[in-house]
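Subject: Structure handover and notes

Hello,

Please find the structure below, handed over for your use.

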Amino acid sequence: MRPSSRNWRVKALSSVLLSLLVLLVAGSAWGADYAGPLIDAHSHVSSATAIDGYVAAMKRHNVSRVVLLAVGGVQKDDAAWLAAASKKYPDRVVAGLPLPDPTAETAAAKLEEALQRTKAPVLGEIHVRQVGSRKIDRDPNDQAFGRVLDVAAKFGVPVVIHYELTDEAVAALDRALAAHRKTVVVLAHAGEGPPARVDGLLSRNSNLVVDLSGMHFQRKPALATETGPLDPTWKALIEKMPDRFLMGVDVWAPRLLEPAMLDRLFTWTRRILGQLRPDVAERVAYRNATALFRLE
């Protein structure tokens, strides 16, 4: 065999071995799907019967609890649907307390009465800033909303808010969180990011928790595509502050509640969690939600 031919074969073999090594390293970095306990810390229902199909999917994918929330006043029957779902599946459903207009003058008084009556473990989802689809831009420092936050603190109930971040919106939320340190606020959908904004908010405000709901492959911004890796900047932030994040699926529209789509969403969720360090995955998947919503 001529030396040039031998060298070509050696180089070709080396290239193949290098490619295999890269694949093995990537596979190791991504890790196996997370197989432990899972709590969906943020979802909704679109009708009185939608919970049945959702619970069936929970059973298929070993999801122990779902925190069902209202949709910021969009669905007038939310309160009845959530109460019925909780009554039918008490070991599965944790029902949030709706608050359609958090800046109404009577909101705090009505909330106090409702919390005394229902003992709800979570308030929301409250739409404070949703400028894209609903043109809502409420001031988190509004006095009436401040009284709502104070009532929530009195009862030890976390408040889930939809609040889309900009630099100006971050500054306003910083002021509200500083003025109500005894109130735990959950920033739904990570405020649509980016990670640097969320990092700053978390670093400055110990009373803020972030849920990663609705950041799946059907939405933007997404933590990952349906088959791709977890965004490295989100991964770094989550692993930096593992006790400050919750995992949620955020289904609402009927198409997301179809059995095949629920299967895809839960499969994606476990795959993404599997790309975190095992101890972090457990916190985000269920330990943080268990502590926050007092589920033990």
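This is a predicted model: local features need pLDDT of at least 70, side-chain atom pairs count only at pLDDT 80 or more; totals for chains, interfaces and linings use all residues.

Residues are numbered from 1 along each chain as its sequence is written, and side-chain values use heavy atoms, with hydrogens and water left out.

Overall make-up

The protein has ten helices and nine strands. Helices (H or I, at least four residues) and strands (E, at least two) are DSSP runs, numbered from the N terminus. Of the 296 residues, 51% are buried. Buried means under 20% relative accessible area, exposed means over 50%, and partly exposed is in between, with a 1.4 Å probe and protein chains only. Among contacts with a separation of 6 or more, 78% are between residues 24 or more positions apart; a contact means heavy atoms within 4.5 Å.

Two strands count as paired if DSSP finds at least two bridges between them.

Strand β2 (residues 63–68) is joined to β3 by three bridges, and the two run parallel. V67 has V94 as its bridge partner in β3.

Strand β4 and its partners

Eight of the eight residues of β4 are buried, so this strand is largely enclosed by the rest of the structure. β4 pairs with strand β6 (residues 159–163) in the parallel sense over four bridges. To strand β5 (residues 136–137), β4 is joined by two bridges, and these two run antiparallel. R129 stands opposite Y163 in β6 and opposite D137 in β5. The hairpin of β4 and β5 has five residues between the strands, and K135 takes a positive phi near 60° there.

Pockets

The pocket search used a 1 Å grid over the protein atoms alone: a pocket is an open set of points where a 1.4 Å probe fits, with protein on both sides within 12 Å along at least five of seven lines, and lining residues have an atom within 4 Å of a point. Grid points are joined across faces, edges and corners, and a volume is the space filled by probe spheres set on the points.

The largest pocket has a volume of about 540 Å³. Its lining has 26 residues, with G96, L97, P98, T118 and A120 nearest the centre. The elements giving two or more residues to this lining are α3 (78–88), β3 (93–95) and α4 (107–118). α4 gives the most, with six residues. By class, the lining of the largest pocket has 17 nonpolar, four polar and five charged residues. Here Ala, Val, Leu, Ile, Met, Phe, Trp, Tyr, Cys and Pro count as nonpolar, Asp, Glu, Lys and Arg as charged, and the others, Gly among them, as polar.

The second largest pocket holds about 390 Å³ of space. It is lined by 20 residues, and Q130, H162, H189, R219 and D250 lie nearest its centre. Strand β4 (residues 123–130) gives the largest share of this lining, three residues. The classes here are five nonpolar, eight polar and seven charged residues.

D174 lies in helix α6 (residues 167–179). D174 is buried, with a relative accessible area of 16%. Leaving aside neighbours within four places in sequence, D174 is in contact with L201, R204 and N205.

R197 lies in helix α7 (residues 195–204). R197 is partly exposed, at a relative accessible area of 26%. Not counting residues up to four places away in sequence, R197 touches L165, T166, D167 and V170. R197 and V170 are 27 residues apart in sequence and 7.6 Å apart in space, C-alpha to C-alpha.

Regards
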